[in-house]
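Subject: Structure for your files

Hello,

Here is the structure I said I would pass on. My notes on it follow below.

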Amino acid sequence: MPEKKKSISNNKSGVKSGNCPLYKKCGGCQLQNLTYEQQLRYKQVKCIRLLGKFCRVGEIIGMENPYHYRNKVQAAFALDRHSNIISGVYQSSSHKIVPVTVCMTEDEKADEIIGTIRRLLKNFKLRPYNEDTGRGFLRHVLVKRGFKSGQIMVVLVTGTRDFPKKKDFVATLLKIHPEITTVVQNVNNQKTSMVLGNRSEVLFGDGYITEQLGDFSFRISPKAFYQINPIQTEVLYNTTLEFTGLTGKETVIDAYCGTGTIGIFASPKAKNSAENTEFYNADAGEFLADAAASNEKYDVVIMDPPRSGSTVKFLKSVVKLAPKTVVYVSCNPETLARDLMFLVRNGYKVKKIQPVDMFPHTNHVECVCALSRR
């Protein structure tokens, strides 16, 4: 597993909120009033308080450079009260857009591309979409970048399918940013908080990018889920793989798998290698309940539920399946503590807990837990 680091080594650990003028307006980075070392201590204490009753909590693994780590950046577009085109993020718990030109957590190239699109809208006499009137053109811009592959996807989310001077707009964008490998127009004309609509058209390139994770290459489309912090993702997945204790003989379930990145990442060490992997599009709780009812046998269950945690139905099915090892990957220590209590009361013992800082400057902390059947 990669070396554990509590502080960063580029003399930025003393950076405070004064370096981000949007800290109080945006609300996205709740901990920027703390140095990075203080943030890690805060998260460590939180995990110990919630999870220390189960076993010793490992020292949180932080980032060497906790800035500009987000490989996915999305910006909402609107007009301000002076009719100037602005782009940025929705203020926490509101629908008000906070204008952003540079963000300390977002990929710098993505911010640069969004700034270019903001200027091009004015040059091409295109206006942001107005949700109240249903008029205008651009709602959001989504940029995804492969940190290892270098590929960049730009998704223009529009309120209408009509795209005046489409070819010229895309050609100009590519001339300014030749590093862009694909451009997609996504149409969302619904009154909704969802960013992407159901209809997409590829305007340039393949309509997807690829990115490397471990020994595998993943294809990422506009709607595909992929971990936002690629550097810490490898730390998280390597920790998960270590906690499974795989020897090459085990059959593994990767529950709540999404695009299956954890299971595929672990597959070379398991009996069901990548070539011997099956995907099921189903509710995780119902699938595991059916497997338990059929008396199927699995050696390891990896579970990575949403922030709300797992369900009693799923956890009961895990207990009935009785795998030798359960590895719980959590993005919420509060719901993790609740679910661990259920498993402990039903025949499992928590062996290891390892926090990982996936989202520096925010309240969020990931934990990987290894449980074994008593």
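In what follows, buried means under 20% relative accessible area, exposed means over 50%, and partly exposed is in between, with a 1.4 Å probe and protein chains only. The model is predicted, so to read the notes: local features need pLDDT of at least 70, side-chain atom pairs count only at pLDDT 80 or more, and totals for chains, interfaces and linings use all residues. Residues are numbered from 1 along each chain as its sequence is written, and side-chain values use heavy atoms, with hydrogens and water left out.

Aromatic pairs

Rings of Phe, Tyr and Trp (its six-membered ring) pair if their centres lie within 6.5 Å; planes under 30 degrees apart count as stacked, over 60 as edge-to-face and the rest as tilted. The count by this rule is seven aromatic pairs. One of them is F137 with F163, a tilted pair at 4.7 Å centre to centre with 50° between the planes. F137 is in the loop between helix 3 (108-123) and strand 4 (138-145), and F163 is in the loop between strand 5 (152-158) and helix 4 (166-176), so the pair ties together parts 26 residues apart in sequence. Helices (H or I, at least four residues) and strands (E, at least two) are DSSP runs, numbered from the N terminus.

Y256 is partly exposed at 25% relative accessibility, whereas F314 is buried at 0%.

Ring pairs also link F124, F137, F163 and F169 into a cluster.

Helix packing

Two packed helices are described by the angle between their axes and the distance between the axes. For helix 2 (residues 36-51) and helix 9 (residues 333-345), the axes come within 9 Å and cross at roughly 25°. Axes here are lines fitted to C-alpha atoms, for helices over the stretch in contact, with angles from 0 to 180 degrees between N-to-C directions. Helix 2 and helix 9 are therefore roughly parallel (under 35 degrees; over 145 is roughly antiparallel, 65 to 115 roughly perpendicular, the rest oblique). In contact terms (heavy atoms within 4.5 Å), K46, L50 and L51 of helix 2 meet P333, E334, L336, A337 and L340 of helix 9.

Regards
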